[in-house]
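Dear colleague,

I am handing over to you the structure shown below. My findings follow it, and I would be grateful if you would read them with the model open.

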Amino acid sequence: DLEVPQGIIFGFLGPNGAGKTTTLRILTTVLSYDEGEVLVAGHNVLTDPQEVRRRIGYVSQKGGADRRSTGWENLILQGQLHGISDAEAKSQAHSLVEAFSLGECVHRLVESYSGGQQRRLDIALGMMHKPEILFLDEPTNGLDPQNRANLWEKIRELKKEGVTVFLTS
């Protein structure tokens with residue numbers, strides 16, 4: 001059994017090949033499972049996956065931004081995919097650009113971003129619909145020490161806002 005309290009940063013640690021990413025994919029409704037019961041935010045991932053997805057954000061190891069679009073276009077599209085009105089999507093995108101210090105690059109193509117900028121955009125995309133729980137798979141992988149420290153600061157800020165952060169490393 002695994003129970004993660006609300007509003008904390010929870011580290012799911014283990015060596016490569018231990019099943020961290022597989023577990024994360026099950027928790028985020030990407031993969032099915034054979035036995036037991038999995039509840040996320042009080043909802044069963046097999047019988048109520050839509051409700052689980054409404055309550056979570058998921059940022060994979062490789063990220064999910066369209067590299068041939070701007071950060072802004074990615075954020076707005078993410079809002080639209082979650083059924084957010086255009087006005088709310090723009091408002092939320094502005095808030096996330098500020099929160100994740102993306103103002104200097106948000107109107108450039110993502111393919112021109114540094115590793116730290118891409119990772120911050122990926123997390124902003126995961127936050128676009130204001131989830132209760134944010135799943136981060138290896139969030140600092142490949143980042144230099146300064147970008148890693150900056151990203152940890154952003155993750156701590158999410159916790160202060162009441163978001164549960166579940167990350168692998």
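Helix 5 is mostly covered, with 11 of its 13 residues buried; buried means under 20% relative accessible area, exposed over 50%, and partly exposed in between, with a 1.4 Å probe and protein chains only. Please note that this is a predicted model, in which local features need pLDDT of at least 70 and side-chain atom pairs count only at pLDDT 80 or more, while totals for chains, interfaces and linings use all residues. Residues are numbered from 1 along each chain as its sequence is written, and side-chain values use heavy atoms, with hydrogens and water left out. Helices (H or I, at least four residues) and strands (E, at least two) are DSSP runs, numbered from the N terminus.

Helix 5 and its surroundings

The buried residues of helix 5 include R119, R120 and D122, as well as L121, I123 and L125. The buried part of this helix packs against strand 4, helix 3 (71-81), helix 4, strand 5 and helix 6, where contact means heavy atoms within 4.5 Å.

Helix 6

Helix 6 (residues 145-160) gives a similar check: its 16 residues should span 22 Å at 1.5 Å a residue, and its end C-alpha atoms lie 23 Å apart, in agreement. Within helix 6, N147, L151, K154, I155 and L158 are buried. Seen down the axis, these buried residues fall within an arc of 100°, so they line one face of helix 6; the arc is that of the directions from the helix axis to the C-beta atoms. As background, an α-helix has 3.6 residues a turn, so residues three or four places apart point the same way. The buried residues of helix 6 pack against strand 1, helix 4 (86-99), helix 5 (115-127), strand 5 and strand 6. On the face turned away from the buried side, helix 6 carries the exposed residues P145, Q146 and K160.

At the start of helix 6, a side-chain oxygen of D144 comes to within 3.0 Å of the backbone nitrogen of Q146. After helix 6 comes G162, with a positive phi near 95°.

Four strands form an open sheet in the order 1-6-5-4, with parallel pairing; two strands pair if DSSP finds at least two bridges between them. Strand 1 (9-12) and strand 4 (56-59) stand at the edges with a single partner strand each, so one side of each has no neighbour in the sheet. On average, and ignoring direction, neighbouring strands of this sheet are turned by 15° against each other. Strand 4 pairs with strand 5 (residues 133-137) in the parallel sense over four bridges, and V59 stands opposite L136 in strand 5. Helix 1 (residues 20-27) packs on the sheet, touching strand 1, strand 4, strand 5 and strand 6 (164-168), and its direction makes about 150° with that of strand 5. Axes are lines fitted to C-alpha atoms, for helices over the stretch in contact, and angles run from 0 to 180 degrees between N-to-C directions.

Individual residues

T168 is placed in strand 6 and counts as buried, at 0% relative accessibility. Although T168 and T21 are 147 residues apart in sequence, their C-alpha atoms are 7.5 Å apart in space. Beyond its neighbours within four places in sequence, T168 is in contact with F12, K20, L24, L136, D137, E138 and P139. The side chain of T168 makes a polar contact with the side chain of D137 at 2.5 Å and reaches the backbone nitrogen of E138 at 3.0 Å. A polar contact is a pair of N or O atoms within 3.5 Å; within protein, one must be able to donate a hydrogen and the other to accept it, and residues adjacent in sequence count only if both atoms are side-chain atoms.

Most residues other than glycine have a negative phi. A41 has a positive phi near 55° and lies in the loop between strand 2 (39-40) and strand 3 (43-44). S101, also not a glycine, has a positive phi of about 50° and lies in the loop between helix 4 and helix 5.

With kind regards

Methods
The expected span of a helix is 1.5 Å times one less than its number of residues.
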